[in-house]
Amino acid sequence: MRNERVFDELTEVSDEYIIEAMGHILKKSRAAIIRWCVIAAVLLTITGIGAYLFFSSGLLPFLGGGNGG
Amino acid sequence: MTDAEIIELYISRDESAIAESDAQYGQYCRQIAMNMLSDNADAEECVSSTWKSAWDSMPSQNPDSLAAFFGRIVRNLAIGKLRFNRARRQFDGITLLLSELEDCVPSRSSDAQEVERRMFSETLDRWLAELPVDDRVLFIRRYWFGEAIKALAKECRMTQRRMARRMLRLRKGLRATLESEGIYI
């Protein structure tokens, strides 16, 4: 079939175009990894600051039921 | 490990070449095979056959880029597997009839086929060279790597419909170029 032939012939496209497209794919996946790392770092920082404020605010005895008495 | 080092392993017939290839390019080849076959087992089979095919062809061929070399092999294998699966599914139907009729159709000489193939290949390369980088990369990612329109649209932050239209424009452009060069398929 004609469309299959075009698909076959495409296999022989120059190396430089394959490498160029691969470079873009890698760049995008690297960007996605960096984005997730930044999101994780921001979340960890917020959690850390929240935990620090919580433990240093003196609210813990009230939430934990005081000293059991 | 660099491409040159992996090639050196193949040339010196060191079997660790296959493990190194799989470590470096396994995921890449699996992705190409999966894009075309959508079946894990078939994709895995194609990837394994890719290393064997590379092993057999490497002393005579010295590829400049292993990514392109392995990608081309796995793409060909995936197309072959796709055809095999389709023929097997339709074995009792039209495929069998067509395969029988193939005997009555005179085939062109292999020389003529080779000349046509070269002409197509050169025209395609020229057409790709004239495209803007974005369009060229999209065309290759769609029709060489077999990536889905949905994934490409998401990455380019556009709707699938718009991406499909962009692809249609590219295909029409290629068709016009082929026709202007007198290449009819």
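Reader: What share of the 185 residues in chain B is buried?
Author: The model is predicted: local features need pLDDT of at least 70, side-chain atom pairs count only at pLDDT 80 or more, and totals for chains, interfaces and linings use all residues. Residues are numbered from 1 along each chain as its sequence is written, chains are lettered from A and ligands numbered from 1 in the order written, and side-chain values use heavy atoms, without hydrogens and water. Buried means under 20% relative accessible area, exposed over 50%, partly exposed in between (1.4 Å probe, protein chains only). Of the 185 residues in chain B, the buried share is 38%.

Reader: How many helices does chain B have?
Author: Helices (H or I, at least four residues) and strands (E, at least two) are DSSP runs, numbered from the N terminus. Chain B has zero strands. Its helix count is nine.

Reader: How much area do chain A and chain B bury between them?
Author: Buried area is the accessible area (1.4 Å probe) that two parts lose on being put together, summed over both. Contact means heavy atoms within 4.5 Å. The contact takes 23 residues from chain A and 33 residues from chain B. Carbon and sulfur atoms carry 60% of the buried area, which comes to about 2,900 Å².

Reader: How many salt bridges cross the interface of chain A and chain B?
Author: A salt bridge is a side-chain nitrogen of Lys or Arg within 4 Å of a carboxyl oxygen of Asp or Glu. Over all chains, the rule counts twelve. Across the interface of chain A and chain B, the number is two.

Reader: Why does the salt bridge of A:Asp15 and B:Arg72 join two chains?
Author: The closest N and O atoms of A:Asp15 and B:Arg72 are 2.9 Å apart. A:Asp15 lies in helix α2 of chain A and B:Arg72 in helix α4 (residues 66–89) of chain B, so the pair joins two chains. A:Asp15 is partly exposed at 24% relative accessibility. B:Arg72 is buried, at 17%.

Reader: Which residues are linked with B:Glu44 in a network of salt bridges?
Author: B:Glu44 meets B:Arg30 in a salt bridge (2.9 Å, N to O). B:Arg30 lies in helix α2 (residues 16–37) and B:Glu44 in helix α3 (residues 40–57) of chain B, so the pair ties together parts 14 residues apart in sequence. Linked with B:Glu44 in the network are B:Arg30 and B:Asp22.
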